[in-house]
Amino acid sequence: MKPLIWVGSSKQDLKDFPKEVREEMGHALRVAQLGGKHLDAKPLRGFQGSGVLEIVESFEGSAYRGVYTVRYQNAVYVLHCFQKKSKAGIATPKKEIELIHARLRRAEEDYRHRKESHT
């Protein structure tokens with residue numbers, strides 16, 4: 001099973017979600033750790049290839065999102081977990097996309113560092 005590596009505040013942010021949402025997102029992350037893809041996981045638009053995925057869960061009228069990457073062979077990086085506040089459309093807000101890009105860069109650096117330290 002691949003380890004989960006939490007980037008930034010993603011772990012604490014997920015912990016703040018309602019229990020039902022945490023459980024479903026946790027299940028999706030376990031599937032990713034085992035090399036699979038949860039039925040509700042879909043590629044996040046605006047990222048090259050399908051290596052950055054999101055899970056969207058609705059609970060009591062609110063939308064929660066978890067974003068993670070499976071681009072790296074030996075780990076699953078959880079990039080961002082957030083409650084979508086905007087009522088306009090389903091698009092991920094620009095501020096959240098920018099944060100995900102920044103965290104993806106951090107994940108890439110971390111993965112490269114881990115790989116170099118194991119050779």
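Predicted model: local features only at pLDDT ≥ 70, side-chain atom pairs only at ≥ 80, totals over all residues.

Q: What's the cut-off for exposed?
A: Exposed means over 50% relative accessible area. Glutamate 60 has 71%, so it counts.

Q: Where is glutamate 60 found?
A: In the loop between E3 and E4.

Q: And what is phi of glutamate 60 near?
A: Near 50 degrees. That is a positive value, in a residue other than glycine.

Q: OK, one step back. Where does phenylalanine 59 lie?
A: In strand E3.

Q: Which residues does phenylalanine 59 touch, leaving out those up to four places away in sequence?
A: Pro18, Glu20, Val21 and Tyr64.

Q: How far apart are phenylalanine 59 and glycine 8?
A: In sequence, 51 residues. In space, 24 Å, going C-alpha to C-alpha.

Q: What about proline 43 and glycine 8?
A: Those are 35 residues apart in sequence. Their C-alpha atoms are 21 Å apart.

Q: Which strand has proline 43?
A: Strand E2, which covers residues 42-43.

Q: Why does proline 43 count as partly exposed?
A: Because its relative accessibility is 43%. Partly exposed sits between the buried cut-off, under 20%, and the exposed one, over 50%.

Q: Let's zoom out. How many helices and strands does the chain have?
A: It has 3 helices and 5 strands.

Q: In what order do they run from the N terminus?
A: The order is β-α-α-β-β-β-β-α.

Q: Now helix H3. Why does its span agree with what it should be?
A: H3 has 24 residues, 94-117. At 1.5 Å a residue it should span 34 Å, and its end C-alpha atoms are 35 Å apart, so the two agree.

Q: Which residues of H3 are buried?
A: Glu96, Ile97, Ile100, Arg103, Leu104, Ala107 and Tyr111.

Q: What is glutamate 96 in contact with, leaving aside neighbours within four places?
A: His80 and Phe82.

Q: And leucine 99, buried or partly exposed?
A: Partly exposed, because its relative accessibility is 29%. Leucine 99 is in helix H3 too.

Q: How far is leucine 99 from glutamine 12?
A: They are 87 residues apart in sequence. In space it's 16 Å, C-alpha to C-alpha.

Q: Back to the whole chain. What percentage of the residues is buried?
A: Buried residues make up 39% of the 119 in the chain.

Q: How many of the contacts link residues 24 or more positions apart?
A: Of the contacts with a separation of 6 or more, 52% do.

Q: Why does the radius of gyration agree with a compact globule?
A: A compact globule of 119 residues would have a radius of gyration near 14 Å. The chain has 14 Å, so it agrees.

Q: What box do the C-alpha atoms fill?
A: Roughly 50 × 25 × 25 Å, along the principal axes.

Q: How much accessible surface is there?
A: About 7,300 Å². Carbon and sulfur atoms hold 50% of that.

Q: Last topic, charges. How many positive and negative side chains are there?
A: There are 22 positive and 15 negative ones. The centres of the two sets lie 3 Å apart.

Conventions: Residues numbered from 1 in each chain as written. Heavy atoms only, no water. Helix = DSSP H or I, 4+ residues; strand = E, 2+ residues; numbered from the N terminus. Expected span 1.5 Å × (residues − 1). Buried < 20%, exposed > 50% of the residue type's maximum accessible area, 1.4 Å probe, protein only. Rg over C-alpha atoms; globule rule 2.2 N^0.38 Å. Contact = heavy atoms within 4.5 Å. Areas by Shrake-Rupley, 256 points an atom, 1.4 Å probe, with all protein chains shown as cover. Lys, Arg positive; Asp, Glu negative; His and termini not counted. Charge placed at Lys NZ, Arg CZ, Asp CG, Glu CD.
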